[in-house]
Amino acid sequence: MCLMPVTFASSAQLAGHWEGTMARDGALLEVSFDFSTSGAQPKGTFTSATQQAMDYPLNVVAISADGVHFALGDSLVFDGKLVSDQIVGTFADDGASGNFTLHRSVRGALPYDSVDVVFNNGAITLSGTLCMPRSAGRHAAVIILQGSGGESRWGTNRFIADQFARSGIAALVYDKRGSGDSTGDWKASSYDDLANDVLAGVDLLASRPDIDPRLIGLQGHSEGGIIAAMVAVHSPAEVAFIVAEDTVAGLVRDQDVYRVSHQIQKAGFTDSQIKSAMDLYKLMLDVACGTKPYRELETTGAPFRDQEWYQWLGIPPKNSYLWTWYPKIGNLNTLVFWRQVRAPVLLVFGERDQLEPVDESLARIEASLDGVKIPYTAVIVPNAQHNLTVQPEPNQPFFWWKSAPGFINLVVAWVQHQTAASARLGSPLALTKKQ
């Protein structure tokens with residue numbers, strides 16, 4: 001039987017929940033999309049359990065008489081047609097392509113309450129979602145902190161909150177200042193500013209009768225791990241535990257040097273070019289940290305402006321926010337805070353992290369915690385990148401990238417164990433010994 005494409009007689013035909021698969025090079029990825037057409041412009045979200053992303057907003061949704069066009073992120077573009085009660089079509093992803101098929105379905109009900117919340121740090125308004133278990137009594141809670149750059153509550157953060165709530169732990173996930181529905185600007189803020197945003201979230205949770213204020217902890221990835229340690233030091237009585245993933249152990253600027261030195265090795269430059277590039281990059285960081293004048297960077301870089309490696313570095317122009325933002329963070333030594341943490345810690349690093357020196361970072365933070373006799377658990381996730389995903393290697397057969405198997409389950413189980421022990425003993429610090 002041949003099914004002929006039909007037209008979208010109205011945008012209402014797109015509205016609702018759609019489930020299906022994306023196929024590329026013989027590999028399938030189960031996905032779902034939710035479309036809303038009630039506003040002035042149609043909107044949509046993307047969810048994938050495999051990639052542990054939930055309700056991530058689509059950049060573009062456009063409906064025409066003969067099809068629908070939507071985009072996810074900067075490079076993944078879909079074009080489909082309505083065929084019977086399915087949407088079928090093709091997608092393009094940064095030079096690659098494939099097919100997708102979606103069928104209309106009913107989204108399963110959440111087993112917890114999802115409540116939009118707003119809280120304030122001075123003049124800054126933070127908007128978020130509280131995922132609240134429906135079981136009786138006061139609950140342990142976790143605040144999910146963002147990584148670097150602009151980051152909203154959706155995608156991976158929302159998926160993590162979902163997993164906590166399903167396991168009986170309340171989870172607050174929010175838009176970083178200057179992102180999503182939150183006001184302010186992270187590019188004009190220090191780490192102390194971001195830490196105070198988190199403390200405002202702690203206060204919000206502690207004020208609720210269904211949350212145990214003794215059992216509020218923090219989970220932060222990369223930059224979020226830095227902020228978690230700072231919050232725990234600033235307000236030790238308010239932080240019951242920390243989960244820090246692929247975070248910086250030492251000077252922030254040193255992490256940037258490590259990151260760029262590894263990335264440039266894969267860019268195809270000669271050893272001489274790499275040395276010149278890294279020398280200039282380190283000078284750029286000196287300027288950004290305020291220890292050398294900008295004119296020295298201009299003078300030193302001028303002879304190389306036409307070089308390919310210079311273009312690869314992407315040194316920001318003089319009017320970039322970096323020159324006023326980086327002095328607030330570049331010279332911060334995160335170990336100063338880890339040496340003062342008094343809450344139990346779960347450290348998680350991806351085995352193949354190219355942005356952090358994994359063994360060295362773990363050793364430094366472990367030594368800091370050992371020095372103050374704080375219990376911790378350290379885990380290296382096999383084959384995982386910095387963002388704790390497993391991805392195909394260059395020149396290897398394609399497979400859909402995925403979140404490292406079992407990683408979030410491990411984190412949730414650790415938090416359950418820590419908070420249960422704390423609840424029994426009546427103290428957030430009376431927890432397990434170092435593992």
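Trainee: At roughly what angle do the axes of helix α5 and helix α6 cross?
Mentor: In this predicted model, helix α5 covers residues 271–289 and helix α6 covers residues 294–301. Their axes come within 9 Å of each other. The crossing angle is roughly 165°.

Trainee: Is α5 roughly parallel or antiparallel to α6?
Mentor: Angles over 145 degrees count as roughly antiparallel. The axes of α5 and α6 cross at roughly 165°, which makes the two helices roughly antiparallel.

Trainee: Which residues of α6 meet α5?
Mentor: α5 passes α6 in a left-handed crossing. On the α5 side, the residues in contact are L280, L283, M284 and V287. By class, the contact has six nonpolar, two polar and one charged residues. The α6 side consists of Y294, E296, L297, T300 and G301.

Trainee: Which element gives the most to the lining of the second largest pocket?
Mentor: This pocket has a volume of about 390 Å³. At least two lining residues come from each of β2 (16–24), β3 (27–36), β4 (43–48) and α1 (156–166). With four residues, the element that gives the most is α1.

Trainee: Which lining residues lie nearest the centre of the second largest pocket?
Mentor: The lining is made up of 19 residues. By class, six are nonpolar, eight polar and five charged. Those nearest the centre are H17, E19, S32, T47 and A49.

How values were computed: Residues are numbered from 1 along each chain as its sequence is written. This is a predicted model: local features need pLDDT of at least 70, side-chain atom pairs count only at pLDDT 80 or more; totals for chains, interfaces and linings use all residues. Side-chain values use heavy atoms; hydrogens and water are left out. Axes are lines fitted to C-alpha atoms, for helices over the stretch in contact, and angles run from 0 to 180 degrees between N-to-C directions. Angles under 35 degrees count as roughly parallel, over 145 as roughly antiparallel, 65 to 115 as roughly perpendicular and the rest as oblique. A crossing is left-handed if the near helix is turned anticlockwise from the far one by less than a right angle, and right-handed if clockwise. Contact means heavy atoms within 4.5 Å. Ala, Val, Leu, Ile, Met, Phe, Trp, Tyr, Cys and Pro count as nonpolar, Asp, Glu, Lys and Arg as charged, and the others, Gly among them, as polar. On a 1 Å grid over the protein atoms alone, a cavity is a set of points where a 1.4 Å probe fits but cannot get out, and a pocket is an open set with protein on both sides within 12 Å along at least five of seven lines; lining residues have an atom within 4 Å of a point. Grid points are joined across faces, edges and corners, and a volume is the space filled by probe spheres set on the points.
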